[in-house]
Amino acid sequence: MNRAITRKLAAAATNAYQSKVLRKNLCGGANASAATSTQINNHIHEDKQSFTHTVHPYDIAIVGGGMVGMALACSLATTPLTKHLNVAIIDSNPALGSKVSIKKEDPPDPRVSTVTPATISLFKDVGAWQYVQQHRHAYFDKLQVWDYTGLGYTKYYAKDVNKDVLGCVVENKVLHSSLFSRVEDTDFQKTIHPSRLTLMSLHPSSSSTVESSSSTEASYVNGCLAKLELSDGSSLYAKLVVGADGAKSQVRQLAGFKTTGWNYSQNAVICTVEHSVENQCAWQRFLPGGPIALLPMGDKFSNIVWTMNPKEAADCKSMNEDDFVKAVNHALDYGYGPHPKSSLLASADMFSWLGGNLVISANDSFEVPPKVVKLASARMAFPLSLMHAKDYASRRVVLIGDAAHAVHPLAGQGVNLGFGDAFALSRIIAEGIAVGMDIGEVSLLKKYEAERKPANVTMMAILDGFQKAYSVDFGPLNILRAAAFHGAHHISPLKRSIISYASGEQRLPLFS
Amino acid sequence: MASKLLTKLGAIRDPKIARNPNLPLNATRRLFSHRPISTPPHSPPSSPPDNGKSAHKKSKPTSSLKDLELAKFSAIADSWWDSVGPFKPLHAMNPTRLAFLRSTLCRHFRKDPHVARPFEGLKIVDVGCGGGILSEPLARMGATVTGIDALEKNINIARLHAGLDPVTSTIEYCCTTAGGCWHPLVNESQLSIHVVQCSSFVPQKLVKEQKMFDAVIALEVIEHVADPTEFCKSLSALTHPGGATVISTINRSMRSYATAIVAAEYLLHWLPIGTHQWSSFLTPEELVLILQRASINVKEMAGFVYNPLTGRWSLSDDISVNFIAFGTKNGQ
């Protein structure tokens, strides 16, 4: 099949280079000078002849064009020091290049994320939030957390920390298309390679003595570039490879980063549901098998994230819709245990000696979440695990997002950590360029690691702690948890600290 | 604080008054001796086997200081680009030095600091370039860079490393002892090596050719030089009128003795023992004075401080240990 080539070919071919080509030669890479907007890279198959060409190396190759990879591209595109960079985005999703138009009438996708205020402000900084606001999105300013024992509950209000919102629930596809639209707005040189990464070479082997007319090949042999080979046979060179390809990261594997982690014996079932009234509060109830969360999406829709053991998850996925709706209502209401009693004013006074202004929510009583009327989307289930890469960076390679860390969804933090990574990396790259550094240098990438790793690890440890604490049904532990609920609800400085930390305003969960 | 220093210096006129009785005698002699320009040339560098035509002269006590310095650097030359080797502190300090250069040079030459290549169109010479640690980032920032060093070993390593990346392979490296400047694209066999006996760190050939640069940068060099006054005069000769001269070095203070000598060399083993001679350090006042004598007015000064918790260097007002001075040459 012939397709048009959209880049220049250079003059002579050396025999040495031709001998390196093992099979049908496919031309990869894009003409950097011609690209001022998205180009889908096209290839041509040639049986007999092989082309040699001046493959212009990319500055950065982002492997994985999902939310986090696109956030990095967007941030690079909108920073003055990095907007001149030539970037390749490698993602096998064929829909990536084309403009995805999301209509208002589209049913809500079950894959959503809760973005924290810190992430919202990062989005606003790059100018992508305006696109999010054009589609369905739901701010929430109240959060109620309780468990099945009925011994305690906590209500968080955004007003407690003098903010308007605790977070915003947005569909993943909306976040992604907003970032992509923002990149398209700029004249950022990016090339999308609709392919999968198969091989990555950071250190050229000593046996490759190529007498090549291509300066790119020479740079690669000298160790200045990384070489990426894709599943469609093309190859490209880049100064820096960014692994944004998710929890099963190919980049992480090929670069040899070791990971620690474990599987939770839990699966998460997600779906969208509808209410008869508007839901403006986020709800989370810890059940014996795992938490169930009800997140407002706007337009009377809510998203359910229900964590349970794999067998029950399979059952939930396969049972008919009405049964599932009944099960959800049961889980949110009287299932597994009673409602907690509302706090009395007396108990509020008990903690007032700790100082700090009493938060308004301490006086608020327990509320029952709105009833689910019907299911509005398909149900999806996926396994949960914790994963953390021991290193985020080495020479010419760096990991961001789920490729570096995977967490339990119980606090809605996962993608926010990823966005934090992406924007931090973009800033670090700008700082490196400001002082003329080679962007693939280890010292620069380690600076990124030193900034993000402590924050990520701390958050992961806390979430893992919660997961473990809530997975045991043991009398004394239940009472301890109840005490924790009461404490978090009534001790104002603690509550403010928790809200600030979960909102991303505070880097570490210490009293400030 | 830097401005207070400069006003204090305005009062100093006579160099003899500036002689501090606490200074070791050698330092004073080194700084303020008025040797006539027609002095016989200093002895050539410490690596006679490399260019065996050099004649070795051991006439003055100060020339042996220079030999020792060169020998020190020759021994560790191969590890220039090893970021965990003996040059690790320099690698760690590099981004901070470049940040200072970026802000001062952009302000002086009215360039936009928020672009990736702010030094486009500027001709910069890196005096005492060593392995090219400073020259390469400057080239990446768009400058036309010439790097010069007294040790041929250093120049070879610099040239080799710069050739790896197309952006930095445009840097021109010169060895001051051989006197000739190699252009990167010139074939080795076409060169004729002249052994010119230089009297300073700076190639007389460049000075004679009246090659001038927009910015002359000599970082962490002046503390290794035999005659700082002559050195500064040569730097000034290379600078365009109205151009910039930047010098960084270590202060001669009790604190710098404790930090740069005792801690860095003996305790932490950051630097090989004997890398620095405390008596060769210059105080900011002295540096400003000798630059003034060379028609360069120091406009800005800053210090580098190291944070042991983060392992990073940063710019600060504290010039008690490492400091950097930015000056401009008097225009015509």
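**Charged, aromatic and surface contacts in the predicted model**

The charged end of A:Lys453 sits over the ring of A:Tyr392, at 6.0 Å from the ring centre, a charge being taken to sit over a ring if NZ of Lys or CZ of Arg is within 6 Å of the ring centre and within 35 degrees of the ring normal. The structure is a predicted model, in which local features need pLDDT of at least 70 and side-chain atom pairs count only at pLDDT 80 or more, while totals for chains, interfaces and linings use all residues. Residues are numbered from 1 along each chain as its sequence is written, chains are lettered from A and ligands numbered from 1 in the order in which they are written, and side-chain values use heavy atoms, with hydrogens and water left out.

UniProt, in an unreviewed entry, places the feature "domain: FAD-binding" at residues 59-330 and 381-456 of chain A; UniProt positions are given in the numbering used here, feature names are shortened, and annotations may be inferred rather than shown by experiment. Over residues 381-456 of chain A, the chain is 47% helix and 21% strand, with the end C-alpha atoms 25 Å apart. Helices (H or I, at least four residues) and strands (E, at least two) are DSSP runs, numbered from the N terminus.

Over all chains, the structure holds 16 aromatic pairs, for which the rings of Phe, Tyr and Trp (its six-membered ring) must have their centres within 6.5 Å, planes under 30 degrees apart counting as stacked, over 60 as edge-to-face and the rest as tilted. One of these pairs is formed by A:Trp129 and A:Tyr139, which are tilted, with 6.3 Å centre to centre and 50° between the planes. This pair links distant parts of the chain, A:Trp129 being in helix α4 (residues 129-132) and A:Tyr139 in strand β5 (residues 137-140) of chain A, 10 residues apart. A:Trp129 is buried, at a relative accessible area of 1%, whereas A:Tyr139 is partly exposed, at 33%; buried means under 20% relative accessible area, exposed over 50%, and partly exposed in between (1.4 Å probe, protein chains only). In chain B, the rings of B:Trp270 and B:Tyr306 have their centres 4.9 Å apart and their planes at 85°, so this pair is edge-to-face. B:Trp270 lies in the loop between α9 (254-267) and α10 (284-293), and B:Tyr306 in strand β7 (residues 296-307) of chain B, 36 residues apart. Relative accessible area is 28% for B:Trp270, which is partly exposed, and B:Tyr306 also counts as partly exposed, at 33% relative accessibility. In chain A, one aromatic cluster is formed by A:Phe123, A:Trp129, A:Tyr139, A:Phe419 and A:Phe423.

Side chains of opposite charge can pair when their charged atoms come close. A search of the whole structure finds 25 salt bridges over all chains, a salt bridge being a side-chain nitrogen of Lys or Arg within 4 Å of a carboxyl oxygen of Asp or Glu. A:Glu367 and A:Lys155 meet in one such bridge, at 2.8 Å from N to O. A:Glu367 lies in the loop between α10 (345-350) and β17 (372-375), and A:Lys155 in strand β7 (residues 153-157) of chain A, so the pair ties together parts that are 212 residues apart in sequence. A:Glu367 counts as partly exposed, at 28% relative accessibility, whereas A:Lys155 counts as buried, at 0%. A:Glu451 forms a salt bridge with A:Arg427, their closest N and O atoms being 2.7 Å apart; A:Glu451 is in helix α12 (residues 442-469) and A:Arg427 in helix α11 (residues 414-434) of chain A, 24 residues apart. In chain B, the side chains of B:Arg140 and B:Asp165 meet in a salt bridge at 3.8 Å, N to O, and both B:Arg140 and B:Asp165 are buried. Salt bridges that share partners also join A:Arg136, A:Glu171, A:Lys173 and A:Asp299 into one network.

A:Arg396, although not a glycine, has a positive phi of about 70°; A:Arg396 lies in the loop between β19 (393-394) and β20 (397-399) of chain A and counts as buried, at 1% relative accessibility. B:Arg110 likewise has a positive phi, of about 55°, but counts as exposed, at 75% relative accessibility.
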